[in-house]
There are 2 protein chains.
Amino acid sequence: MVAAVETRRQIVDAADSLFYAQGFAQTSFADIAAAVKISRGNFYYHFKTKDEILEAVIDKRLSDRRKLLAKWDETADGAKKRIECFIRIVIVNQAKIMAYGCPVGTLTTELAKVDHPSRERANEIMVLFGDWLERQFRELGCGESSRDNALHVLGWSQGVATLAQAFKDKAYVEREVSKILTWLDGITAGPEQKHSQ
Amino acid sequence: MVAAVETRRQIVDAADSLFYAQGFAQTSFADIAAAVKISRGNFYYHFKTKDEILEAVIDKRLSDRRKLLAKWDETADGAKKRIECFIRIVIVNQAKIMAYGCPVGTLTTELAKVDHPSRERANEIMVLFGDWLERQFRELGCGESSRDNALHVLGWSQGVATLAQAFKDKAYVEREVSKILTWLDGITAGPEQKHSQ
DNA sequence: GACGAAATTGGACAGTCGTCCTAAATGTTG
DNA sequence: CAACATTTAGGACGACTGTCCAATTTCGTC
């Protein structure tokens, strides 16, 4: 027997991909059922409503990102290298970003427009990255500018993702990466230094 | 008698607002009909399909933006001041952006996800701003960096809009504006100068 | 005022949506 | 093997979708 928890995991995985590729509202039970190869009626056994699936997907994404950040915390040497890891996501995930945009940003935007109950929960993924980045900048000695710098990098990633999806211009993404890395170098030049403004 | 062209205009206006506030797919004929106060069946007289309404909305947005840019070309004194006009949109339209995001970016993202036929047409609004910004930077003497700088500012606006909608942080928007304005000042410092990388 | 064109109405239509229930199949345990 | 709980399949349901049409009203013109 396939345990219920396994089927549930498959549903969440498929929903995660489909919500990313098509958007939450555009993805139907039928779509997910086809991907997991189960009957539509089976959903009700695992999830009472579509919103419950969304909650599970957001929880999974939160968990996945926490693991990713933890890995960077372990492997990358120094705060600057860790911030670089974040910056380079737009290159690592370039293909998907050019096709579907940023998984965090696009979901946040979609849920905000319809004022969905899970809107706040989805925002927490954004907050997660923001707080993590802030810690890195603080470790870098940015002091009170740490929060600003964190949001600056976070916003940068969202802008790059949006334009990458619109123009599908690989060179643009690479230019923006080298541009922000140069900016980052300027930050590390001196301790307690404010960013270039 | 109310001319057909007038009813059509009202439909497009209402659709424009609703597509922005709720998204294209989330907006139904019933929504637009309620806003314009006409019967649902009346749509078919003015538009054959929902996609036709979308096309009309995109055309209107293109037209509106062209007029806005033309106004800036006339009134603002110098390329730098004109770029500043663009940058300050995120402050002028702050309330709407915090509620619904960027009207250009969110539509582009939504249509790209479902690979909608009007996707390219919607992108033209983004292109319109990109080309206009490029002209300004060229006039500023940025030469070959003009395109890069244009996309940099365009991407910046998208990132700010996304985070503004997620966090609804007015101060963040203002900080980012002053930050990019400082960057812009650096650009104008010398002719033919490459941006800070 | 009568006529024809323009514009609007309300509903029919086939399809899809999320939800929900019952019956069947499957696996586990005595 | 029998009794049981767990899991799945398939379809019914009411509501909503975009589309489309026939009947009606409104308008400009003779």
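In this predicted model, the contact (heavy atoms within 4.5 Å) takes 43 residues from chain A and 44 residues from chain B. The area buried between the two chains, meaning the accessible area (1.4 Å probe) that two parts lose on being put together, summed over both, is about 3500 Å², and carbon and sulfur atoms give 58% of this area. Of the area that chain A buries against chain B, 19% is supplied by Lys113(A), Phe167(A) and Lys179(A), more than by any other three residues.

The polar side of the interface is summarised below, where a salt bridge is a side-chain nitrogen of Lys or Arg within 4 Å of a carboxyl oxygen of Asp or Glu, and a polar contact is a pair of N or O atoms within 3.5 Å, one able to donate a hydrogen and the other to accept it, with residues adjacent in sequence counted only if both atoms are side-chain atoms.

| Item between chain A and chain B | Value |
|---|---|
| Salt bridges | two salt bridges |
| Polar contacts, both residues at pLDDT 80 or more | 13 residue pairs |

Arg175(A) forms a salt bridge with Asp148(B), with the closest N and O atoms 3.0 Å apart. Among the elements (DSSP helices, H or I, of at least four residues) that give two or more residues to the side of chain A that touches chain B are α1 (4-22), α9 (119-139) and α11 (170-188) of chain A, while α10(A) provides the largest share, twelve residues.

Residues are numbered from 1 along each chain as its sequence is written, and chains are lettered from A in the order in which they are written. Local features need pLDDT of at least 70, side-chain atom pairs count only at pLDDT 80 or more, totals for chains, interfaces and linings use all residues, and side-chain values use heavy atoms, with hydrogens and water left out.
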